[in-house]
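These are my notebook entries on a structure that is new to me. I set down what I looked up, topic by topic.

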Amino acid sequence: MAAPETKGALTGLCVIEIGQIIAAPFCASLLGEFGAEVIKIEQPGIGDANRDNLGFSQDNRGKKSVTLDLSKPEGVALFRRLCDHADVLVENSRAGQLERWGIAPDLLRQTNPGLVVVRISGYGQTGPYKDLAGFDRVALAFAGLTGVTGHADRPPVRPGYLIADYGSGLMAAFGALAALRARDQTGRGQDVDLALYESIWRMSGSHIADYGLTGKSRVRSGNFHPNVVPGEQFETADGEYLVINATTQRAFEKLCRAIGRPELIQDDRFNTRPKLKANANFIHDIIGGWARALTFAQCAAAMERAGVAAAKVNTIADIAADPHFAAREQIVTVPDAAHGHLLQPGITPRLSDTPGRVKGPAPGLGENNDEVYGGLLGLSADELDAKRNARII
């Protein structure tokens with residue numbers, strides 16, 4: 001007999017999601033992977049704008065899908081009934097959209113005082129830019145990340161991952177949990193207001209502190225970071241790239257010995273941290289020359305023996321074949337109606353007693369209408385047919 005399934009840490013929570021594309025769906029999917037029941041609300045006949053992309057399957061796995069037209073009074077009434085059963089509502093419409101639909105958070109809390117409403121938008125619910133449209137790439141630029149990414153003599157470049165969308169989903173999930181913890185103490189729900197750019201800005205490090213002290217904005221510097229020396233990616237003899245990060249004095253000394261150059265420890269160009277940073281190009285050239293004479297495997301082995309932090313610049317193909325990703329279950333196979341199955345990232349983080357899990361594939365559009373409206377809200381078959389015919393669901 002199979003062992004009973006461990007309950008997730010968030011088992012018992014009901015999450016309603018009115019999400020599009022990535023940020024809100026990802027937030028809700030994280031809550032769902034740790035046990036919450038997630039009911040995704042989509043426009044009848046249209047659905048989430050991301051349904052045609054592979055990312056939809058990943059960011060909506062394990063949810064229930066119901067259709068509902070929130071532009072109609074009957075749809076709003078049905079939505080309010082759903083929210084009366086919910087602990088969390090997650091949305092990423094334009095700022096103020098809930099108010100325009102007549103489902104402002106304070107109105108919803110008239111009948112469900114404990115409801116937590118997570119609101120993700122381009123620029124937040126307040127401020128002079130709140131009505132502007134926002135997407136991942138816009139948020140990256142507005143938050144300053146694009147401006148410091150790339151080489152100084154070339155145009156700015158965007159990162160390769162959609163980190164404003166996914167970072168905001170992660171921050172929003174944290175906000176939901178913080179608000180739920182507060183509800184445990186007060187009995188009251190509250191709003192979680194997050195702008196896409198704010199998740200990136202919160203991760204910006206000391207850039208604003210540097211500006212406050214010097215009056216100068218940090219400029220693009222390629223792969224070089226002024227406070228991370230030695231720290232670069234080096235091409236090896238077989239055309240691979242190895243990132244080496246040795247940014248403490250102890251790590252620098254280990255690195256010098258690993259590349260067969262222990263005399264560099266006392267070299268007048270590098271024998272203090274300020275000198276090392278000032279002469280970053282020289283030390284990187286020395287390490288680069290060492291790496292170009294060896295294969296990646298030889299370079300990586302030398303770093304491992306010395307205890308210096310280093311890693312291959314992986315392609316996705318490298319990741320798919322990597323034994324550590326496999327051992328940590330960071331690539332999972334999930335059923336998919338269109339493709340049979342898809343490879344997707346695994347569960348993060350890993351909880352020892354109440355681990356998360358992928359409950360199943362992303363739902364079809366309106367797949368759970370009967371279950372949710374008939375089971376949770378108690379609508380009869382005739383009522384469901386009438387609402388379908390009126391295109392409310």
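Among contacts in the protein between residues at least 6 apart in sequence, what percentage join residues at least 24 apart? I find that 69% of these contacts do so, a contact being heavy atoms within 4.5 Å.

**Entry 1: basis of the notes.** I note that this is a predicted model, in which local features need pLDDT of at least 70 and side-chain atom pairs count only at pLDDT 80 or more, while totals for chains, interfaces and linings use all residues. Residues are numbered from 1 along each chain as its sequence is written, and side-chain values use heavy atoms, with hydrogens and water left out.

**Entry 2: the whole protein.** I looked up the secondary structure and found 17 helices and eleven strands. Helices (H or I, at least four residues) and strands (E, at least two) are DSSP runs, numbered from the N terminus. The C-alpha trace spans about 85 × 60 × 40 Å along its principal axes. Of the 393 residues, 41% are buried; buried means under 20% relative accessible area, exposed over 50%, and partly exposed in between, with a 1.4 Å probe and protein chains only. The accessible surface comes to about 20,500 Å², and carbon and sulfur atoms account for 55% of it. These areas come from the Shrake-Rupley method with a 1.4 Å probe, and for residues only the protein chains shown count as cover.

**Entry 3: charges.** I recorded 42 positive and 45 negative side chains, with the centres of the two sets 5 Å apart. Lys and Arg count as positive and Asp and Glu as negative, whereas His and the chain ends are not counted. The place of a charge is taken as NZ of Lys, CZ of Arg, CG of Asp or CD of Glu.

**Entry 4: salt bridges.** Side chains of opposite charge can pair when their charged atoms come close. My search of the whole structure gave 23 salt bridges, each a side-chain nitrogen of Lys or Arg within 4 Å of a carboxyl oxygen of Asp or Glu. In one of them, Arg61 meets Glu33 with the closest N and O atoms 2.8 Å apart. Arg61 lies in the loop between helix 2 (54-59) and strand 3 (64-67) and Glu33 in helix 1 (residues 23-33), so this pair ties together parts 28 residues apart in sequence. Are these two partners buried or exposed? Arg61 counts as buried at 6% relative accessibility, and Glu33 is buried at 7%.

I then turned to Lys64 and Glu371, whose salt bridge has an N to O distance of 2.6 Å. Lys64 belongs to strand 3 and Glu371 to helix 16 (residues 369-376), so the pair ties together parts that are 307 residues apart in sequence. Glu371 is partly exposed at 41% relative accessibility. Asp318 and Lys312 form a further salt bridge, at 3.4 Å from N to O. Asp318 is partly exposed at 22%, as is Lys312 at 25%. I also noted one network, in which salt bridges that share partners join Glu17, Lys40, Asp48 and Lys63.

**Entry 5: aromatic rings.** How many aromatic pairs does the structure hold? I count seven. Rings of Phe, Tyr and Trp (its six-membered ring) pair if their centres lie within 6.5 Å; planes under 30 degrees apart count as stacked, over 60 as edge-to-face and the rest as tilted. Tyr123 and Phe142 form an edge-to-face pair, 5.0 Å from centre to centre with 80° between the planes. Tyr123 lies in the loop between strand 5 (116-121) and helix 6 (136-142), and Phe142 lies in helix 6, so the pair ties together parts 19 residues apart in sequence. Tyr123 is buried at 13% relative accessibility, whereas Phe142 is partly exposed at 39%. The rings of Tyr129 and Phe142 have centres 5.8 Å apart and planes at 75°, so this pair is edge-to-face. Ring pairs link Tyr123, Tyr129, Phe142 and Tyr197 into a cluster.

**Entry 6: backbone.** Most residues other than glycine have a negative phi, and most peptide bonds are trans. I found a cis peptide bond joining Val229 and Pro230, with omega about -10°, and a cis bond from Thr348 to Pro349, with omega near 0°. Ile21, which is not a glycine, has a positive phi of about 65° and lies in the loop between strand 1 (14-18) and helix 1. Glu329, also not a glycine, has a positive phi of about 55° and is exposed, with a relative accessible area of 52%.
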